[in-house]
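Here's a quick walk through the fold you're about to see. Have a look at it first, then read on.

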Amino acid sequence: MEKNYVVYQHVTPDRMYYFGQTQNVEKRWECNGIHYKRTSLQPYIEKYGWDNIKHIVLFRDQTKEDALWIEDFLIETAREDGVCINKQR
């Protein structure tokens, strides 16, 4: 199984979290967050600006299955803490 997935986190200035996973984080994050249109992160990008949101790679070299599991776990944990932006994976 290929281990080419990355799990990442965006942290807004008001300390809200958005989690995701992708094979190409550079492509996902390009153009000031244009690929987040129609996501729950978009209003935060509009409010704070892409450059004022922290973009963090949490895990590299994951299988797709492991990346999805990690992402789900992080989303559920952040939801329990009341700091999750994600509405769905």
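## Helices on a sheet

Let's start with helix H3, residues 64-81: this helix lies across S1, S2 and S3, and runs at about 175 degrees to S2. Keep in mind that this is a predicted model.

Now for the sheet itself. The three strands form an open sheet in the order S2-S1-S3, with antiparallel pairing. S2 and S3 are the edge strands, each pairing on one side only. On average, neighbouring strands here are turned by 20 degrees against each other, if you ignore direction. S1 and S2 pair in the antiparallel sense over six bridges, and Val-6 has Thr-22 in S2 as its bridge partner.

H1 packs on the sheet too, touching S1, S2 and S3, and its direction makes about 30 degrees with that of S1.

| Helix | Strand | Angle |
|---|---|---|
| H1 | S1 | about 30 degrees |
| H3 | S2 | about 175 degrees |

So which residues of H1 are buried? In this helix (residues 25-33), they are Val-25, Trp-29 and Gly-33. They sit on the same side of H1, because they cover an arc of only 60 degrees around the axis.

Terms used: Residues numbered from 1 in each chain as written. Predicted model: local features only at pLDDT ≥ 70, side-chain atom pairs only at ≥ 80, totals over all residues. Heavy atoms only, no water. Buried < 20%, exposed > 50% of the residue type's maximum accessible area, 1.4 Å probe, protein only. Helix = DSSP H or I, 4+ residues; strand = E, 2+ residues; numbered from the N terminus. Arc of directions from axis to C-beta. Pairing = 2+ DSSP bridges. Axes fitted to C-alpha atoms, helices over the stretch in contact; angles between N-to-C directions. Contact = heavy atoms within 4.5 Å.
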